[in-house]
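We will go stop by stop.

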Amino acid sequence: MSSKPKIGVYICHCGINIAKTVDVEELTKYAVKLPNVRVASDYSYMCSEPGQLMIREDIRKNGLNRVVVASCSPRMHELTFRKALVEAGLNPYYLEIANIREHCSWVHKDKQEATAKAKKLLQAAVAKVRFLEPLQEKEVDVGAAALVIGGGIAGIQASLDIANAGFKIYLVEKTPSIGGRMSQLDKTFPTLDCSACILTPKMVDAASHPNITLLTYSQVESITGYVGNFQVKVRKKARYVDFNKCTGCGLCAEECLLADRVKSEFNMGIGNRSAIYLPFPQAVPAKYSIDPHSCLFLTRGKCGKAPKCVEACPAGAVDFEQKDEIVEFKTGTVIVATGFDVFDAARKPEYGYSDYDNVLTGLEMERLISSSGPTGGKLVLGKGDGEYVPKEIAFIKCVGSRDKSTGNEYCSRVCCMYTAKLAHLVKDKLPEANVRIYYMDVRAFGKGFEEFYDRVRREGVRYIRGNPSEIFKRNGKLVIMVEDTLTGKPLEDEVDMVVLGVGLEPRRDAREVIDLLRLSQSSDRFFLEAHPKLAPVDTAIEGVYLAGCAQGPKDIPDTVAQAKGAASSALVLLSSGKVKVQAQISWVNEPNCRGCGYCVEICPYTAIELVLVNLMGHQVNVARVNGVLCKGCGACVAGCLSGSVQQKSFMDSQILPQIAALGGKL
Amino acid sequence: MPDFDKLRALAKETISRDDIKYLIGWRQGTYGYRTSPHFVRIPEDADQLIFSPLCSSNLATYLALAEKRPVPRGSQPDTRKVAILVKGCDSRAVVQQLVEQGIKREAVYVIGCPCEGVVDLRKLEEKYPHTLDRVGARWENGNVSLDLPSGNAVFPREEIVAGKCLTCRYPNPVIADVTLGENVEVSGSTAFEDINRFEVKSAQERWTFWRDKFNSCIRCYACRNVCPMCYCAECILDKQNPAWIQRSVNISENTAFQLARAFHLAGRCIECGECERVCPVEIPLSYLNRKLVKEVTEQFAFTPGVDPEAKPLLVGYRPNDKGDFIL
């Protein structure tokens, strides 16, 4: 190791990407003269097999012990060249890349100046490579279980795939039943499958799968640890109903004093439930729970003479003494499938959602039109004597999407098709109704979407291009003020009912999930993937994956596909049972550490903690790096005032010569 | 001589406690108007304690830098508290050390001394050069009264106190287990008039100014040694391998040193002015420090050394920070 550096320098043309702007031949001639450099060669594509072969042969033939490649960004091919070093029997961390493409040829025009800069960059890399030290890549075991947060279709699918592969799953769902948003939908576009009919078998599968532990009405309290070894704490909220005794018969709900008087979350407030309830008939698990916010006994301590539900339950399952329960377990990976919330239409006051009962959101319309919904699938508005069948029905798209005034610049991707689907369902139930859709654009990009859009138009649904400016009431009718932007004419459209095609937004409680895992958000506030194209289900945190709308708006097929992708990523780790951890991690020179904890606060991966050590009889705080959690970002190194934190391969003693070389000293 | 009975009685009472290791205060120096730090270990030592407008040194430096001698095998480390006299500015150093975990709250007993400003010894030296007989001083109705060999002299506060005291916003200790005397009125403001006046000069003018100042730096490191916030076990300036800053005394290395020192105090400097006071070649270091204090105040609305529960400025991120400096 301490033998004299023998450096090989390899200069890549990258076709003409580099060679056009940098004189690679001159650079090669220059490189040979640099201290400790044994060989220097240039080649059209260093990353190609012949290019790598050149490096491998030189290492063997000339006994090279350090390699500098002047090419593209290390983000592109550092791993490629490291492998080449390993194959030639050299430690992979004896490699240094001089980025003469992104940092030089691509950003400069003048060949002479670019060549001069390339020389500097190369010289700096040569200066540094002499001081590099060999590093060992460690492996840690991966616990053979996965945590899935969110029991919608994404979470269910990911759980099933992993469970079927033979690994243990903890599926945590916040509400009393799994099923998520998909269970609220009536039909699915563009094939018009009944949403519940295709979903419920999967829900039942998940619940009955021997490898899946279902934790409904539960929330993850904390996740600590790191890839392969996450320690999870889950709070199982008190249902006030004995899970094992409840048979789901529903007698309690019928007798509840508040029967049909509490707004049903599942029905988006259109229908009502009791205080003891099953969210929807196909709920899984089919176990009742008591809503502690509405139950008279729980809120006031008194419910008639004695709570009716207790008397009604033949199994004696109601238990007001029940307490929250904390469940702890370990998993190797985590899948975040926490889904979305729909845009709050009250934030577009011009559409009168808060003022008029016959202005509905798309999701409310799903419940209204669903045969399992509060009206049994009858499309009627009003209550009791005021009940009526709407005749003139309008849809408005892009409510809360593609709209800077609401802060949502993105397209929600599902509204075009779900409004078309709802319009079709309306025509199906009320053939006489006049249905029109106000739109900005129609984005029918998916498989079968355009055909469905055509079909809906053939069925007599009118598409009017225009973004309504206001909705108000006149003579008992809703009036939509809009300009038809194809004809340029202002319209006043009188209708009985308006359905707002509300967009998808990150969940309002997303912050809690972020705090659990230190996830990042993209500018649209959805969770940020590791790479938009090449790592769309990964996150910056190793072992944590994203599935479904938590990452961005998606329709069901895309959600399922992504869930399967996340499951497959998790399975790569689970099935290999081992994961390699970053070798270029930071470490603390403990005698020099002043224990201020700056690095602890700065670390985005919670990889550093302060520990008490014995310093000649005194208990003092020093920082200590967890080598598995550390991702080698170097933030702690920059933050340390005493220079006590150093990062391997980027140590002061390695970087300073590099800087000095840039300044002309070698 | 002013009356120090209350101070000495309190110190005696404090040092007699079982949980106090020693007490750090001030005493009269060996000559002239100099004062010295005084370590009280037995009650009798307390008889030399003073607190006057001449007590400018910031004793908080002795807290985090206290030497940790090896504990003999079989015995326990002495975990008793250190008692310390602090003026307003000194107390901020204590708080900032607490924030940075340089010291622990339970390891220190703070005796607060509200302060009306300390004398700038350079101003005094100009008026009364080469004074060898001991000089006493006290605050008197907003003025500073001096008992000089030539007799009593009273100066208006503005004429004699240090520059930092004229802009001081924290004359009263921000942390104290016990306070000596009454709190004084706060007169300082956050206006950075001195810095603003300097900032408007051209880059050339400013560089000429600093080049001359840095050129005169002899790299004695007094500014670093006296600073209560510089308490790393091994300062990066002393590191040999790698040497971030070379030891040679020249404009390049001197500038690197001065800038590194200033930047290491960004968001941490509590404006006690000790660095400037001790500089033998009179480099106006408070200009550098206060420039950064100004940035920290304006960009992050942050004041270091005020809240012991605060997180250090540069390790946190608040989405509502101004961020004017981001290009």
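**Start in chain B**

Select strand 6 (residues 136-140) and strand 7 (residues 143-148) of chain B: they pair in the antiparallel sense over five bridges. Helices (H or I, at least four residues) and strands (E, at least two) are DSSP runs, numbered from the N terminus. Two strands pair if DSSP finds at least two bridges between them.

A word on the model before moving on. It is predicted: local features need pLDDT of at least 70, side-chain atom pairs count only at pLDDT 80 or more, and totals for chains, interfaces and linings use all residues. Residues are numbered from 1 along each chain as its sequence is written, while chains are lettered from A and ligands numbered from 1 in the order in which they are written.

Now click B:A137. Its bridge partner in strand 7 of chain B is B:L146. Strands 6 and 7 of chain B form a hairpin with two residues between them. Stop at B:N141 in that turn, where phi is positive, about 50°.

Strand 7 of chain B pairs with strand 8 in the antiparallel sense over six bridges. Here too there is a hairpin, and two residues join strand 7 of chain B to strand 8 of chain B. Which residue stands opposite B:D147 in strand 8 of chain B? Select B:N152 to see it.

**The two domains of chain B**

Colour chain B by domain: domain 1 covers 5-70 + 78-179, and domain 2 covers 193-315. These bounds come from an automatic or database domain assignment. The C-alpha centres of the two domains of chain B lie 23 Å apart.

Next, show where they touch. Domain 1 of chain B puts 24 residues in contact with 18 residues of domain 2 of chain B. Residues are in contact if their C-beta atoms, placed from the backbone, lie within 7 Å.

Which helix of chain B gives the most to the domain 1 side? Select helix 3 of chain B, with nine residues there. Helix 2 (61-64), helix 3 (88-99) and helix 6 (163-166) of chain B each supply at least two residues of that side. By class, the domain 1 side has 11 nonpolar, eight polar and five charged residues. In this count Ala, Val, Leu, Ile, Met, Phe, Trp, Tyr, Cys and Pro are nonpolar, Asp, Glu, Lys and Arg are charged, and the others, Gly among them, are polar.

**Across to chain A**

Show both chains. The contact takes 21 residues from chain B and 21 residues from chain A. On the chain B side, the classes are 11 nonpolar, five polar and five charged.

Now colour chain A by its domain assignment: domain 1 (7-129), domain 2 (145-237 + 324-339 + 507-578), domain 3 (251-312), domain 4 (340-505) and domain 5 (586-648). Draw a distance between the C-alpha centres of domain 1 and domain 3 of chain A; they are separated by 71 Å.

Select helix 10 (residues 362-369) and helix 11 (residues 415-429) of chain A. Their axes come within 11 Å and cross at roughly 30°. Axes are lines fitted to C-alpha atoms, for helices over the stretch in contact, and angles run from 0 to 180 degrees between N-to-C directions. That makes helix 10 of chain A roughly parallel to helix 11 of chain A, a class for angles under 35 degrees.

Show side chains at the contact. Helix 10 of chain A brings A:G362, A:M365 and A:I369, and helix 11 of chain A brings A:C415, A:Y418, A:T419, A:L422 and A:L425. Six of these residues are nonpolar, two are polar and none is charged.

From helix 11 of chain A, select A:M417, A:A420, A:A423 and A:H424; from helix 12 of chain A, select A:F449, A:F452, A:Y453 and A:V456.

**Last stop: strands of chain A**

Select strand 32 (residues 608-615) and strand 33 (residues 618-625) of chain A, an antiparallel pair with eight bridges. A:E609 has A:R624 in strand 33 of chain A as its bridge partner. In their hairpin, A:M616 takes a positive phi near 50°.

Methods. Parallel < 35°, antiparallel > 145°, perpendicular 65-115°, else oblique. Contact = placed C-beta atoms within 7 Å.
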